[in-house]
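This report describes one protein chain part by part.

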Amino acid sequence: ADGYYEYMMDECIYSTSDYSDMVLLKSLSFNKVVDVQYNSTVGKFVGYTEEGVKYAENFNKDQAILQGLKALVDTVCRHNVQLEDSAVRDKA
C-alpha cells in the first residue's frame, strides 16, 4: 500500500462538430495531484504545485517541446476524433 503514484494523462476536448475549438491538455500528476499541465490554447505549461512550477519553467524553455505539443492537436486529437466520430455516426 505504501509507494508513489505518478502518471501522465492526455485529453482532447472539443464541443463543435468541426473540431475548431479542439484543445489538448497534457497533465503530469504525482500522488493524485496535478503538478503541471500543458494547455494548447495557452500554448505553454502551467505549474500548480511548487514542483510543478519548476517543471513548467523548464518545459517552457524548450521550444521544440512546445511546438511538438502544439502539432499534436492536429496530428493526434483531430485525427483520432474524426475516426472515432465517424465510427459512432456510422452505427447510429
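## The disulfide

Cys12 is partly exposed, because its relative accessibility is 32%. The model discussed here is predicted. Cys77, the partner of Cys12 in a disulfide, is buried, with a relative accessible area of 1%. The two sulfur atoms lie 2.0 Å apart, and the count for the model comes to one disulfide.

The angle about the S-S bond is -70°, and the link between Cys12 and Cys77 is left-handed.

## Strands and hairpins

Strand β2 (23–30) pairs with strand β3 (residues 33–39) in the antiparallel sense, over six bridges. Within this pairing, Ser27 stands opposite Gln37 of β3. The two strands form a hairpin with two residues between them, and Asn31 in the turn has a positive phi of about 50°.

Strand β3 also pairs with strand β4 (residues 44–47), again in the antiparallel sense, over four bridges. Here Tyr38 stands opposite Phe45 in β4. β3 and β4 form a hairpin with four residues between them, and Gly43 in the turn has a positive phi of about 85°. As a general point, side chains in a regular strand alternate between the two faces of the sheet.

## Positive phi in two loops

Which backbone angle is noted for Tyr19, although it is not a glycine? Tyr19 has a positive phi of about 60°. This residue is placed in the loop between β1 and β2. Tyr19 is buried, because its relative accessible area of 6% is under the limit of 20%.

Lys32 is not a glycine either, and has a positive phi of about 70°. Lys32 is found in the loop between β2 and β3. Its relative accessible area is 69%, which is over 50%, so Lys32 counts as exposed.

Leu69 is found in helix α2. Is Leu69 buried or exposed? At 7% relative accessibility, Leu69 is buried.

Leaving aside residues up to four places away in sequence, Leu69 touches Leu24, Lys26, Tyr38 and Phe45. The C-alpha atom of Leu69 is separated by 20 Å from that of Glu6, a residue 63 places away along the chain.

## The largest pocket

The largest pocket has a volume of about 150 Å³. Which residues line the largest pocket? The lining consists of Glu6, Tyr7, Met8, Leu28, Ser29, Phe30, Asp35, Glu51 and Tyr55. By type, these residues divide into five nonpolar, one polar and three charged. At least two residues of the lining come from each of β1, β2 and α1 (50–61).

Ser29, one of the lining residues, is placed in strand β2. Ser29 is buried, with a relative accessible area of 3%. Not counting residues up to four places away in sequence, Ser29 touches Tyr5, Glu6, Tyr7, Val34 and Asp35. Among these contacts, Glu6, Tyr7 and Asp35 also line the largest pocket.

Notes
Residues are numbered from 1 along each chain as its sequence is written. This is a predicted model: local features need pLDDT of at least 70, side-chain atom pairs count only at pLDDT 80 or more; totals for chains, interfaces and linings use all residues. Side-chain values use heavy atoms; hydrogens and water are left out. A disulfide is a pair of cysteine sulfur atoms within 2.5 Å. Buried means under 20% relative accessible area, exposed over 50%, partly exposed in between (1.4 Å probe, protein chains only). On a 1 Å grid over the protein atoms alone, a cavity is a set of points where a 1.4 Å probe fits but cannot get out, and a pocket is an open set with protein on both sides within 12 Å along at least five of seven lines; lining residues have an atom within 4 Å of a point. Grid points are joined across faces, edges and corners, and a volume is the space filled by probe spheres set on the points. Ala, Val, Leu, Ile, Met, Phe, Trp, Tyr, Cys and Pro count as nonpolar, Asp, Glu, Lys and Arg as charged, and the others, Gly among them, as polar. Two strands pair if DSSP finds at least two bridges between them. Contact means heavy atoms within 4.5 Å.
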